[in-house]
Amino acid sequence: MKNNTKTLVATAVLVALTLVFQNLRLLIGTSPVSTYIIGTLVNLCLIVAAMHLGLIPGIFVAIITPVVALMQGYATATMVPFIILGNAVLVLLFALFARNKESRVVYFFTGGIASIVKFAIITLGMTLMVTSLSSPSFMAGLAIAVQKQLQQLITAAIATLIALPVLAGLKKAKV
């Protein structure tokens, strides 16, 4: 099998797995706990895509997930571009700085920065949807957005930890 075909098939499998994870809401509901579980699993797929398959497959997964969340009613149309951007930056940072590196320090540093930047992008996007930078209520909007989007930071950080053994398993299996 050619490398391009292998990458395409692996990307399709990863997208399908991500869709299964997003549809877990049908089984476990929409509680705050389920948000952390599903968010972690989706971030895991983003990181695995970036690290195992590369930038383009990772970006594809980064775009698909918020669109599916929109269709499911768990994201708003105004937030989708910010979620895509946050996901894409997470993928970009992992693909550029941690992929093909053997250093766990680099991996975890990248994961920490990527988690923070993703959180910042989505939080700022949410703030800008309800206010403007020059508005006196910007700080109040930002405080609310930070509170509502904190799970983005937490789930990306947890996914960074979980992805390491998953990636090691994929490498060992030579998938």
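Helix axes here are lines fitted to C-alpha atoms over the stretch in contact, and angles run from 0 to 180 degrees between N-to-C directions. Helices are DSSP runs (H or I, at least four residues), numbered from the N terminus. The model is predicted, so local features need pLDDT of at least 70 and side-chain atom pairs count only at pLDDT 80 or more, while totals for chains, interfaces and linings use all residues. Residues are numbered from 1 along each chain as its sequence is written, and side-chain values use heavy atoms, with hydrogens and water left out.

**Helices α6 and α7**

The axes of α6 and α7 come within 7 Å and cross at roughly 150°. The two helices are therefore roughly antiparallel (the term applies to angles over 145 degrees). Their crossing is right-handed, that is, the near helix is turned clockwise from the far one by less than a right angle. The contact of α6 with α7 has 21 nonpolar, eight polar and three charged residues. In this count Ala, Val, Leu, Ile, Met, Phe, Trp, Tyr, Cys and Pro are nonpolar, Asp, Glu, Lys and Arg are charged, and the others, Gly among them, are polar.

**Nonpolar cores**

A nonpolar core is a set of buried Ala, Val, Leu, Ile, Met, Phe, Trp, Tyr and Cys residues joined through side-chain atoms within 4.5 Å. Buried means under 20% relative accessible area, with a 1.4 Å probe and protein chains only. The largest such core has 29 residues, and Ile-47, Met-51, Leu-90, Phe-94 and Tyr-107 have the most contacts inside it. At least two residues of this core come from each of α1 (3–22), α3 (32–53), α4 (55–72), α5 (80–98), α6 (104–130) and α7 (138–173). The largest share, nine residues, is supplied by α3. A second, separate core has eight residues, including Ile-83, Ile-122, Met-126 and Ala-145.

Thr-110 lies in helix α6, and Thr-131 is in the loop between α6 and α7. Thr-110 counts as buried because its relative accessibility is 5%; Thr-131 is also buried, at 12% relative accessible area. The table gives contacts (heavy atoms within 4.5 Å), leaving out residues up to four places away in sequence.

| Residue | Residues in contact |
|---|---|
| Leu-90 | Asn-43, Leu-46, Ile-47, Ala-114, Ser-115, Lys-118, Ala-156 |
| Thr-110 | Leu-93, Phe-94, Phe-97, Ala-98 |
| Thr-131 | Ser-137, Phe-138 |

Thr-131 and Leu-142 are 11 residues apart along the chain, and their C-alpha atoms are separated by 8.9 Å.

Terms used:
Buried means under 20% relative accessible area, exposed over 50%, partly exposed in between (1.4 Å probe, protein chains only). Angles under 35 degrees count as roughly parallel, over 145 as roughly antiparallel, 65 to 115 as roughly perpendicular and the rest as oblique.
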